[in-house]
Amino acid sequence: EASEPTVVCIKDDVVEFRPAQQYWGMHTSQIEAALREDFDPDCKVISIGPAGEHELPWACLSTDQYHKAGRGGHGCLMGHKKLKAIAVRGTGRVEVGDARAFLADMRRMHSEYILTDDNLWANEEGTPILVQLMSDAGVIPTRNWSQGSFDGVQGINSEAFQKVRVRNRACYQCAIGCRQFHEVGDVRGEGPEYETIALCGANCGVGDIGALMKFNQLCDELGMDTISSGSVVGLAMDLTEKGIHDFGLHFGDIEGYLKAPELIASRTGIGADLALGARGLAAKYGHPELAMEVKNLELPGYDPRGAFGMSLAYSTSDRGGCHMRTYPIGDEVLSGNMPADSMEKKPWMVIFGDVANGFIGQNFSSIKFSLILCDFWAVTPEQIAQLLRHAWKREFSEDEVRQIGERIWNLGRLFNLREGVEPDTLPRKLVEEPFKEGPSAGKVIGWDEFQRYQQEYYKLRGWDEKGVPSEAKLAELGVDVRL
Ligand code: SF4
């Protein structure tokens, strides 16, 4: 931990720790611009905004202005260490075992698996395409998870965003270019993506596209995760409307909504309470049942009452309420390959996914994301094995790829057990209380079914009934770690 605000500037193998008092308080776009001016015009910057400086639990890391490592509060950690940013400029090269074969394969994969008709949605509409689909399926969190369809969806669905789209952007060398750039009034910027639209839009009862874009921009600049922000603001609206505590926030009321991000990031006014996060806020006002979180991480944009498999995806996720580890809703709602209101075969789906249709499971996501491959690149274990063969110039089988993924997942579980991360479960409401109306009305998993299938998940994983990996499983994976 530094004794004063600091930035780390790295040029090739020279590392400097520079005082950063002049940067403290800057928004994420400001600090990036300042470091390009003061350090190197071509540097890449990872930074925190004011939310990280105030150690907000869901403060995120920001890079390339609009890109965030959103979930889990890494920005809080950097803020605690008084580290405002890391700027890097490298001029070296990355050694690749067989560079020609590697590049030839990358090009082939781009045309055969990445820039395909199946993936065109990402370029043409991006993740806002999910908004109408999820609302029609009754799974979009609405007004603090009290409904699964949003009556104001036309204001914030993909059709609405198409009308204000300015252009597309792409990450370095990506042929898809899914990053949609929008403009409404004086708000101009990339996104919002589906999760932001769901949590900061429908979950707050906001169907005004300009207000939603402004809220998203504020969160981006302040450096705070939009899923948790929308979840907490929606909860405060619910507490107000139920007469439990008046935060001056109401579903669909834009004025208070747009003031909330600044107040939360600076922990002032109502922001001091909201900065407790969903669990802390609901507990403080005596209603823990209103907090929609798992392992103290606010849930993303899919209600398991309309997609039962998401219950296990959330409960068993290593970092809590997260949709990026596995995506059973892909088969439950998007492809319709599996019934959404049944737990049958879902433990298997959660672990192994449906890679052929682009929906990954926990094992495969573990290796795919460790390789920093984009979620939208629908590659298979076989293709990853091929790339690794060229990168390291050695034999590499598809089975080895699968086993590495499984090993990563098991190591994550061991880490959580050692650190005392709480058991796998879900908010009571999502298991017990069916919706009264809408496409998923009357459907609920129930505790018996949930527990039965969670036990089946543990069994498939080779874990005991408490979710602890067995000695045999660890030996099979070559993991020599004992708790
Ligand atoms: S790498 Fe992924 S996020 Fe970036 S433009 Fe391509 S598809 Fe979109």
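This is a predicted model: local features need pLDDT of at least 70, side-chain atom pairs count only at pLDDT 80 or more; totals for chains, interfaces and linings use all residues.

Reader: Okay, and what is phi of Gln65 near?

Author: Phi of Gln65 is near 60°, which is a positive value in a residue other than glycine.

Reader: Let me zoom out, then. Which domains is the protein divided into?

Author: The division gives domain 1 (6-89), domain 2 (125-296) and domain 3 (309-477).

Reader: How far apart are the C-alpha centres of domain 1 and domain 2, and how many residues are in contact?

Author: The C-alpha centres of domain 1 and domain 2 are 24 Å apart, and in the contact 21 residues of domain 1 meet 24 residues of domain 2.

Reader: Which residues are around the ligand?

Author: Around the ligand are Ala170, Cys171, Cys174, Ile176, Gly177, Cys178, Cys374, Phe376 and Trp377. By class, this shell holds 8 nonpolar residues and 1 polar residue, with no charged residues.

Reader: Switching to charges, how many salt bridges does the structure hold?

Author: The structure holds 35 salt bridges. One of them joins the side chains of Asp225 and Arg71, at 3.1 Å from N to O. This pair links distant parts of the chain, 154 residues apart, with Asp225 in the loop between helix 9 and helix 10 (226-241) and Arg71 in the loop between strand 5 (67-69) and helix 3 (74-80).

Reader: You mentioned helix 9. At what angle do the axes of helix 8 and helix 9 cross?

Author: The axes of helix 8 (residues 194-201) and helix 9 (residues 209-222) cross at roughly 110° and come within 10 Å. Angles of 65 to 115 degrees count as roughly perpendicular, and helix 8 and helix 9 are therefore roughly perpendicular to each other.

Reader: And which residues meet there?

Author: From helix 8, Thr196, Ile197, Cys200 and Gly201 meet Leu212, Phe215 and Asn216 of helix 9. The contact of helix 8 with helix 9 has 4 nonpolar and 3 polar residues, and no charged ones.

Reader: Now for helix 19: how does it pack with helix 17?

Author: Helix 17 (residues 362-370) and helix 19 pack at an angle of about 95°, their axes being 7 Å apart, and the two helices are therefore roughly perpendicular to each other. Helix 17 contributes Gln362, Asn363, Ser366, Ile367 and Ser370 to the contact, while helix 19 contributes Val401, Ile404, Gly405, Glu406, Ile408 and Trp409. Sorted by class, the contact of helix 17 with helix 19 has 5 nonpolar, 5 polar and 1 charged.

Reader: And helix 18 with helix 19, what is the angle there?

Author: Helix 18 (residues 381-392) and helix 19 (residues 398-419) have axes that cross at roughly 100° and come within 8 Å. Pro381, Glu382, Ile384 and Ala385 of helix 18 make the contact with Glu398, Val401 and Arg402 of helix 19. The classes in the contact of helix 18 with helix 19 are 4 nonpolar, no polar and 3 charged residues.

Conventions: Residues are numbered from 1 along each chain as its sequence is written. Side-chain values use heavy atoms; hydrogens and water are left out. Axes are lines fitted to C-alpha atoms, for helices over the stretch in contact, and angles run from 0 to 180 degrees between N-to-C directions. Helices (H or I, at least four residues) and strands (E, at least two) are DSSP runs, numbered from the N terminus. Angles under 35 degrees count as roughly parallel, over 145 as roughly antiparallel, 65 to 115 as roughly perpendicular and the rest as oblique. Contact means heavy atoms within 4.5 Å. Ala, Val, Leu, Ile, Met, Phe, Trp, Tyr, Cys and Pro count as nonpolar, Asp, Glu, Lys and Arg as charged, and the others, Gly among them, as polar. A residue is near a molecule or strand if one of its heavy atoms lies within 4 Å of it. A salt bridge is a side-chain nitrogen of Lys or Arg within 4 Å of a carboxyl oxygen of Asp or Glu. Domain bounds come from an automatic or database domain assignment.
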